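Please examine the structure shown below.

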Amino acid sequence: MNGYEQVERLIDLLRRLYEESAGFHDAPDNPQLWYNRGYANGMVGVLDGAGYGCRLREQLDPDPEDIIDGQQTTPWGRAYRHGLEMGEQECREVLPQKEPV
């Protein structure tokens, strides 16, 4: 699989996570939704930082960074934060490395 295909697969995963976690903000009793949304947003940050932000935004509308303001210390906010960290870490592990110019 080439780098383009790999990035497209990551964006497909992001789209699915966004769809599955829609309405997470209204479900504090479901920390899995919060974790999944955090995971997706962690991936967004890594992809954006790696220069794939334009391609990403062509296919979905990422959440604003302050999406959980005021919820960080709640159990569901901590689930989101853990998902964010894991999404960042695991996306970095599989993201294709760009060739030096």
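**A guided reading of the model**

At 23% relative accessibility, Q6 counts as partly exposed; here buried means under 20% relative accessible area, exposed over 50%, and partly exposed in between, with a 1.4 Å probe and protein chains only. Q6 is located in helix α1. Helices (H or I, at least four residues) and strands (E, at least two) are DSSP runs, numbered from the N terminus. From Q6 to D69 the separation is 63 residues in sequence and 32 Å in space, C-alpha to C-alpha.

The model is predicted: local features need pLDDT of at least 70, and side-chain atom pairs count only at pLDDT 80 or more, while totals for chains, interfaces and linings use all residues. Residues are numbered from 1 along each chain as its sequence is written, and side-chain values use heavy atoms, with hydrogens and water left out.

Two packed helices are described by the angle between their axes and the distance between the axes. Axes are lines fitted to C-alpha atoms, for helices over the stretch in contact, and angles run from 0 to 180 degrees between N-to-C directions. Helix α1 (residues 3-20) packs against helix α2 (residues 31-59) at an angle of about 140 degrees, and their axes are 9 Å apart. This angle makes α1 oblique to α2, since angles under 35 degrees count as roughly parallel, over 145 as roughly antiparallel, 65 to 115 as roughly perpendicular and the rest as oblique. The contact of α1 with α2 comprises 16 nonpolar, three polar and six charged residues. In this classification, Ala, Val, Leu, Ile, Met, Phe, Trp, Tyr, Cys and Pro count as nonpolar, Asp, Glu, Lys and Arg as charged, and the others, Gly among them, as polar. The crossing of α1 and α2 is left-handed; a crossing is left-handed if the near helix is turned anticlockwise from the far one by less than a right angle, and right-handed if clockwise.

Helix α2 also meets α3. The axes of α2 and α3 come within 6 Å and cross at roughly 40 degrees. The contact of α2 with α3 has 13 nonpolar, seven polar and four charged residues, and the crossing of these two helices is right-handed.

Attention now turns to the loops. S21 lies in the loop between α1 and α2, and S21 counts as buried because its relative accessibility is 0%. The side chains of S21 and R37 are joined by a polar contact of 3.0 Å. A polar contact is a pair of N or O atoms within 3.5 Å; within protein, one must be able to donate a hydrogen and the other to accept it, and residues adjacent in sequence count only if both atoms are side-chain atoms. The side chain of R37 also makes a polar contact with the side chain of D63, at 2.6 Å. D63 is placed in the loop between α2 and α3 (75-94), and at 18% relative accessibility D63 counts as buried.

In helix α2 one finds G49, which counts as exposed at 68% relative accessibility. G49 and D69 are 20 residues apart in sequence and 22 Å apart in space, C-alpha to C-alpha.

How many disulfides does the model contain? A disulfide is a covalent bond between the sulfur atoms of two cysteines; here it is taken as a pair of cysteine sulfur atoms within 2.5 Å. By this rule the count is zero. The closest cysteine sulfur to that of C54 is in C91, 16 Å away, which is too far for a bond. C54 counts as exposed, at 64% relative accessibility, whereas C91 counts as buried, at 2%.
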